[in-house]
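Subject: Structure handover

Hi,

Here is the structure to look through. My notes follow below it.

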Amino acid sequence: MEKMSRLYSTVFALRPQLRTLLLSLVIVSSMLFYLYYGIYKPLSQNFDVQGLDFYRGYMAAANLLDGRSIYDIPAWFNRYSYFPLSVVIYLPFSRLPVYEASLAWFALSHGLVLASFFIVYKLGATQGKLLSAAAASAAVFLSMPLYQTLQTGNINILIFSGLCLAYLLMAKNRPGLLPALLAVFASIKLAPAALAAVYLRRKDVRGLIVFVLTSLALACASLVIFGLHENLQYLKQFPELSKYSHFFHGMSLTFVSGLFLGGNQLYLILPASLALFAFLVWFWFRKAGAYPAAANGPAMAVDFFMATLVMTLTAPSIWLMYGALFTVPFYAVIHSLLSGRKGFKAVPVFVLAFILNSFWEIFYYQVPLPFANLTLRQIWLQREIWPMLARGFFSLHFLSALALFFWAGANYGELLKVFSEIFGAESERKDLI
C-alpha cells in the first residue's frame with residue numbers, strides 16, 4: 001500500500017491528467033454507489049423493512065398526541081428507549097400514514113446526507129475543488145454504515161449531520177456552540193456524551209459548564225413537558241439497554257464480549273468497559289500531550305476523532321452504523337492520501353479499517369468464504385454451529401476500531417498537520433487541481 005502511495009505521488013505528479021482522471025473516477029463511482037445502495041436498493045428491494053427504527057419514534061409521537069405514554073409500545077416491537085424530549089422530532093410525521101411518514105423521513109435523511117456532503121466538501125475545497133470532491137465522495141458516499149442508518153430510519157442521521165456541522169464550526173474557529181451541540185447529541189443518544197472528554201483534554205472549564213448546563217436545561221424541559229412518570233420510565237430502561245448489544249452487529253467491547261461470554265455478564269462487562277474507557281482516555285491524553293491543547297479548529301478536530309473512537313469502543317449499544325461518525329476524519333486522511341502527501345505511519349492499517357468500516361455489509365451478504373463456502377451472514381445465523389468462526393469474524397469490528405484508535409494516536413501530529421491544511425492554516429498545498 002505504501003508502494004502504491006509512492007507510485008501515485010511520483011507518476012501523477014508528472015501526469016496531472018492522470019490524477020484528474022483518477023479523482024473523477026472516484027467521484028463518479030462513489031455517486032453511483034450512493035444512488036444504488038442509498039436510494040434504489042432501499043426503495044425497490046427492501047422497503048418492507050425501511051424505517052423500522054423510525055417507526056418506534058412514529059408510534060411514540062402518536063401515543064403522545066393520543067394522551068398515552070410515549071413508551072407504551074407493543075410487546076412484539078422493540079421498545080422506544082430514547083430521552084422523552086426526543087419524541088418532538090417525530091411529531092411532524094405522526095399524523096401521516098405510516099408509509100408516507102417513512103418516505104418523508106427517508107427524504108429528509110437524504111437531504112441531510114447531501115447537506116453533510118456539501119459541508120465536508122467545503123472543508124478542504126480551497127486546497128483543490130476536484131480533490132476535495134473526490135475525498136468527500138469517498139468518505140460520505142462509500143459509507144455502508146450511513147446507508148444502514150438510512151435503511152433503518154435511525155435517528156443517528158441527526159447526529160451524523162450534526163457532527164459534520166461541528167467539524168465545520170471547528171474549521172471556522174467558532175467552537176463556542178460545540179458544548180451545547182454535544183448536549184443535544186447526548187439528549188438524542190446518551191453515548192455522544194463521551195465526546196465531552198475533549199474539554200477535559202483541553203482543561204476547558206467553560207466548555208464543560210456549558211455542556212452540563214445545556215444538558216440540565218434539556219432535562220428540565222423534558223420534566224416540565226412530559227412529567228416525572230415519563231422521565232422515570234426512560235431511566236428505568238437503562239439496565240436493559242445492553243441486552244440489545246448482542247442482537248445486532250456492533251463495535252464495542254460489550255458486543256465482542258457477548259460473543260465469548262454471552263449476554264448475561266453485565267457485572268463483568270460494565271467494569272471492563274469503564275476500565276477500557278479510562279485506559280483509552282489516558283493513552284489519548286498521553287499521545288496528545290506533546291501538542292498544545294489549543295482551542296483552534298485543527299487540534300479540536302483531532303481530539304474529536306479520538307473521542308469518537310473512545311465512545312465507539314466503550315459505550316454499550318454501538319452498532320455498525322456508528323461508523324458513519326468517522327466521516328470527516330476519514331475525509332481528511334483520504335484527502336491527504338489522494339493529494340500524494342507522505343507522512344502517515346502504517347497507512348495499510350487505515351486502509352483496512354476504512355474498507356472494513358465502509359464495505360462490511362457487502363462482505364456480509366455477498367462474499368462467500370473460500371474455505372467454507374459460506375457467507376458471513378450464514379455463519380452469523382448458524383453461530384451455534386460455527387462458534388469459532390463467528391467469534392473470529394465478528395470481533396473484527398471491535399479490533400478494527402481499536403487498531404484505528406492506536407493508529408490515530410501514533411499519527412496524532414500528522415493528523416494535526418492535515419486538519420491544519422484542510423482548515424486553511426498555513427497550507428503548503430494550494431490549487432492542487
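Helices here are DSSP runs of H or I, at least four residues long, and strands are E runs of at least two, numbered from the N terminus.

This is a predicted model, so local features need pLDDT of at least 70 and side-chain atom pairs 80 or more, while totals for chains, interfaces and linings use all residues. Residues are numbered from 1 along each chain as its sequence is written, and side-chain values use heavy atoms, without hydrogens or water.

Back to α6, residues 144–152. Among the buried ones are M144, P145, L146 and Y147. Their cover includes α2 (16–44), α4 (98–123) and α7. Contact means heavy atoms within 4.5 Å.

Now α7 (residues 156–171). It packs against α14 (residues 297–314) at about 155°, with the axes 8 Å apart. Axes are lines fitted to C-alpha atoms over the stretch in contact, and angles run from 0 to 180 degrees between N-to-C directions. That makes the two helices roughly antiparallel (over 145 degrees). From α7, L163, Y167 and M170 meet α14 residues including M300 and F304.

Overall, the protein has 20 helices and zero strands. Of its 433 residues, 56% are buried.

Best wishes

Key
Parallel < 35°, antiparallel > 145°, perpendicular 65-115°, else oblique. Buried < 20%, exposed > 50% of the residue type's maximum accessible area, 1.4 Å probe, protein only.
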